Amino acid sequence: MSVLSASNLTVRIGAKEIVCDASLSLNAGELVALVGPNGAGKTTLMRALAGLLPSQGEITLHGKPFDVLTPRERARHIAYLPQGHIFHWPMSVEQIVMLGRAPHGDAFSTASPDDRVAVTQAMATTETQMFIGRPVTTLSGGEKARVALARALATQAPVLLADEPTAALDPRHQLVVMELLRKAAAGGNAILAIMHDLTLAARFADRVLVMHEGRIVAQDAPSDALAPERLATVFGIEAATVLIGDRRVPIAGRAL
Amino acid sequence: MNRPALRIEIALAALILALAIISLMVGPAGLSPRAAIAGLFSGEGPAGIIVRDIRLPRTLLAGLIGATLGLSGAALQGLLRNPLAEPALFGAPQAAAAAAAAVIAFGFAPVTSFAVPVAGILGATISIAGLVAIAGRRASLTVTLLAGLALASFAGAATALILNLAPNPFIALEIAFWLLGSLEDRSSDHLIIAAPFMLASWIVLGAQARAFRALTLGEDAAASLGVDVARTRMMVVIGVALGVGAAVAVSGAVGFVGLVAPHLVRRAVGSDPARVMLPAALAGAALVLLADIAIRLGPSAVEIKLGVVTALIGVPIFLSMIFRERRLLEGAVS
């Protein structure tokens with residue numbers, strides 16, 4: 001069933017339309033990849049879905065219109081993982097993951113038993129327990145990515161929006177993060193992840209949304225959404241496909 | 001979990017109490033601890049007058065101003081996610097001083113009226129709001145520091161202009177000394193005009209603690225956790241302006257407490273920007289009390305100004321912080 005859906009969503013920054021007339025829905029238990037060339041409007045669409053940008057059109061959460069929710073209510077339902085795994089202060093990994101519980105507490109509360117359980121679970125899922133007391137700034141890129149994901153999972157929001165969760169990671173850590181996202185989806189989350197690696201998107205996603213010049217031009221099963229003809233028109237690349245397991249995945253060949 | 005922070009807070013509170021008692025004892029007429037405390041509670045005899053009318057307001061102001069500056073520094077650092085943020089680097093005290101100096105120089109109001117802190121607060125508001133507006137969403141260190149430099153220079157020029165145009169040399173001299181920062185000859189009148197604004201700034205800034213903690217993940221992630229980032233930014237502008245504006249109106253420019261106090265406590269309580277705030281305020285109070293005592297114990301016949309002492313201590317610490325973090329800073333500049 002649909003958890004988060006948007007219809008005819010348009011986002012303007014200044015006078016420029018960055019996202020035009022986008023309609024989509026995310027279902028519980030589903031991992032959806034959002035792909036598109038640089039500047040297609042992926043991040044803008046995701047920020048609008050997270051309620052961080054004003055938009056026209058309608059966004060509904062569990063069938064309820066988005067704008068009746070307070071920012072904190074929205075934060076309990078939608079976890080957002082921005083690009084780049086930013087940690088400004090050398091706080092401990094545990095403190096960082098605990099930030100995921102911020103939408104649940106009141107202004108002066110300390111961690112509740114629920115908060116502790118959620119943090120422990122998120123750290124177990126992402127296998128970050130061994131870093132618990134370490135300053136987050138001392139971790140490697142792959143470790144930071146897992147801690148960032150643990151922070152987002154600790155909110156226990158039904159929706160997770162992740163902007164390039166695998167960017168700047170080595171191949172092994174890319175797979176680790178994608179498997180973590182699959183695990184979270186299997187646990188009932190609705191996940192939308194912006195991705196640049198089409199091969200990974202095709203391998204791990206249940207559906208793929210393709211954006212081109214601000215519009216969603218395809219939302220389909222990976223093999224259809226990422227068919228070679230579409231990759232040619234949207235990305236300007238010639239792609240071959242290979243079979244990995246039971247999935248046909250694209251491999252970029254050359255720029256057209 | 002919070003035990004180290006609590007221990008530091010208790011230790012700092014004890015230190016402040018001890019420094020406050022010493023501050024009541026030292027001066028041209030030295031008093032024993034017993035005489036100082038007896039004078040404080042009885043208010044009788046010369047000791048009573050010295051302690052209650054002269055040293056008590058000075059001591060309370062030192063503590064309040066120090067706490068306000070320490071907290072303002074911690075808050076700006078939390079907002080901008082940078083340990084090198086400090087009101088004085090952003091022109092706040094300079095702008096507050098310029099506005100307050102204008103009020104004094106042109107005789108709009110006597111030095112102990114509410115007009116002086118109000119002018120100081122307005123000046124500080126303009127500079128901090130300008131800085132935060134220029135720094136924008138990404139709060140890049142280079143942009144922030146350059147904007148702060150420009151604002152501080154502009155405020156300095158405005159103050160120079162006021163001195164230039166001052167109606168008579170006595171007023172110009174009075175302003176020049178006041179600008180150096182001092183708690184000499186401050187009375188309970190000063191306490192009454194400044195304390196309400198400083199207390200208000202504590203409340204406004206203290207309420208932002210959780211937002212600062214979330215901001216360690218950047219503004220987008222903080223907003224996605226339910227933090228109203230625009231509101232937080234505005235509250236920090238208001239809180240810092242209230243506190244620094246009122247402090248400057250009473251003591252003149254006392255710089256670098258906002259930089260040094262959070263830096264000193266961060267080693268003990270960790271980097272969590274929310275947890276740094278209370279210890280930073282306490283450390284700020286202790287620092288200014290200590291500096292103000294050192295001034296009175298100094299051999300000099302002319303009292304050295306408080307702002308001079310805090311800058312002489314603060315700037316080397318600032319330079320050492322830059323030196324230690326220079327690799328990180330070089331990364332931030334590119």
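This is a predicted model: local features need pLDDT of at least 70, side-chain atom pairs count only at pLDDT 80 or more; totals for chains, interfaces and linings use all residues.
Residues are numbered from 1 along each chain as its sequence is written, with chains lettered from A and ligands numbered from 1 in the order in which they are written.

Chain A contains nine helices and 12 strands (DSSP runs of H or I, at least four residues, and of E, at least two, numbered from the N terminus). Its radius of gyration, taken over C-alpha atoms, is 18 Å, close to the 18 Å given for 256 residues by the globule rule (2.2 Å times the number of residues to the power 0.38), so chain A is as compact as a globular protein of that length. The C-alpha trace of chain A spans about 55 × 40 × 35 Å along its principal axes.

The contact between the chains (C-beta atoms, placed from the backbone, within 7 Å) takes 19 residues from chain A and 17 from chain B. On the side of chain B that touches chain A, helices H9 (209-215) and H10 (219-224) each supply at least two residues, and H10(B) gives the largest share, four residues.

Helix H4 of chain B (residues 92-105) has 14 residues and reaches 20 Å from its first C-alpha to its last, close to the expected 20 Å (1.5 Å times one less than its number of residues). Of these 14 residues, 13 are buried (20 or more other C-beta atoms, placed from the backbone, within 10 Å of their own), so H4(B) is largely enclosed by the rest of the structure. Just after H4(B), B:Gly107 adopts a positive phi of about 65 degrees.

Conventions. A residue is buried if 20 or more other C-beta atoms lie within 10 Å of its own, exposed if 12 or fewer, and partly exposed in between; C-beta atoms are placed from the backbone. Two residues are in contact if their C-beta atoms, placed from the backbone, lie within 7 Å.
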